[in-house]
Amino acid sequence: MERVAVDRISKSFEATAALKDVSFNADAGEVLALCGENGAGKSTLINILSGAIVPDTGTIRIDGTAVTIADPHQAIALGVATVHQELSLLPHLSVAENILLGRMPSRGPSWIIDWTAAHRRAEELLAEIGLADIDVRTLAGRLSVAQQQLVEIAKALVATPRILILDEPTAVLSAAETAILFARVRKLAATGTTVIYISHRLEEVFEISDRIVVLKDGVAVYSARTREANEDELIRAMVGRPLAAIYPPSARAPGPPRLEVSGLSRDGKFEGVSFVIGAGEIVGMFGLVGSGRTEVAKAIFGAEPANRGEIKVDGRAVAISTPEQAIASGIVMMTEDRKRDGLALDLSVLDNAGLASMSRVSRHGLLDRKRQESIVAEKTAELQVRPKGTRRAVRQLSGGNQQKIVLAKWLLVEHVRIFILDEPTRGVDIGTKVEIYRMIAGLAAHGMAILLISSEMPEVIGMADRILVMRQGRISAELTRDQFAMETLFTHAAGARPAAA
């Protein structure tokens, strides 16, 4: 039975057509994957279905009836629940309050909250998605990004929606958390819920979906049953050209040690971490959520300083207890959460990209704004930031272009020798991923030492010269290219016993 149908939906913003006569349908109990590059129109379509945007033309039908979704309240009333890529939890409310916001159970007078029932219901919902160990009384702002994402999903499941829209739901989840989420999605589909699943991770699309629709430049250009599709044709549909290789070839011969880490420790986070990265070398770091990989990166960058251990840059010991000291030593870091830690979203491209390099364009304490705009424009053009221009607020850019702004910020810093990249392609499309991979390879070719942290095994295998695997705050393995295999990485990351030969 057809659950939702989108018929010739169009939407323009001033002179830009975001959607052009888009049509598709999904049956009850079907998982429909919606794919496309950043800027393809996926977000506009999601916002229309969730009531945040009204289309210019076209019709939406739910269970065969044409509906008008003028606002989010109407969407909810029609059984449409959306988990957006942007986290929307209220940090100063508890987990339970966030999950049951607007649906708090009461006892006696309607204004008296039944906290026992509220906490019990929140615990039940969290248990269904693998978060049974979280105290629902905890403030949401104290949770990790991955935990907040799962709470967002639990919040969407409160009313058992007829249509559930998941926008990049696994971007911050571990493999184990993703498996639990997929099990829940399959259970919902089995009971008749239609799931619209948006993801840049093609392996997930093929694992969880029944059908795939691709948007490109606001047009639906591809639709197929998942079992009849293949990755090559899907990529071709999204980017408009074949991709012979996603990852650039590696012909790197690392130079002398550029970054040396010895016995680095931070109490309660990681212990005795030691490794070396040569000039021009890309070293991957893989681990499950909670393994300590991001904490190690933050310690090297001075954001969360280590208690013990030594860091050397080009053979010279450096004292790093603040990011300023790290930058002065030639170390920069792209953070895991660009929106929270890497960007000032309401400021312009110019202000964000030029933030760390003001010393280059200042004299006697005065900022040369014209000079700053010149070097920022040059760097953003080099990185192919779209749309062009330095005055636009960063909030208005796609995720991939926001990531390029973070990269531009650090590339404009003089004397950088070491790049720490924590999840550099999280939430970006396949075309932008390829661009970022080429940029990373280019940095290595110019002698930079790269520490690449990623939860995507294909990414770390495809990009790294060596891989460090972390588990429970320690390096559990160091693998060379001839040892790269997903099974090997997961075995060392999870502490499982290797299969017998």
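Keep in mind as you look that the model is predicted.

Let's start with the overall build. You will find 17 helices and 22 strands in the chain. Along the principal axes, its C-alpha atoms fill a box of roughly 70 × 55 × 50 Å. A compact globule of 501 residues would have a radius of gyration near 23 Å, and because the chain has 24 Å, the two agree.

Of the 501 residues in the chain, 52% are buried, with under 20% relative accessible area as the cut-off. When you take the contacts between residues at least 6 apart in sequence, 65% of them join residues at least 24 apart. As for charge, the chain carries 58 positive and 60 negative charges, and their mean positions lie 2 Å apart.

Finally, let's zoom in on helix α17, which spans residues 486-494. Which residues of this helix are buried? They are Leu489, Thr491 and Ala493. And what covers them? The cover includes two elements you can find by their numbers, α16 (457-463) and β13 (282-287), and it also includes the strands β21 (466-471) and β22 (474-480).

Methods: Residues are numbered from 1 along each chain as its sequence is written. This is a predicted model: local features need pLDDT of at least 70, side-chain atom pairs count only at pLDDT 80 or more; totals for chains, interfaces and linings use all residues. Side-chain values use heavy atoms; hydrogens and water are left out. Helices (H or I, at least four residues) and strands (E, at least two) are DSSP runs, numbered from the N terminus. The radius of gyration is taken over C-alpha atoms; the globule rule is 2.2 Å times the number of residues to the power 0.38. Buried means under 20% relative accessible area, exposed over 50%, partly exposed in between (1.4 Å probe, protein chains only). Contact means heavy atoms within 4.5 Å. Lys and Arg count as positive and Asp and Glu as negative; His and the chain ends are not counted. The place of a charge is taken as NZ of Lys, CZ of Arg, CG of Asp or CD of Glu.
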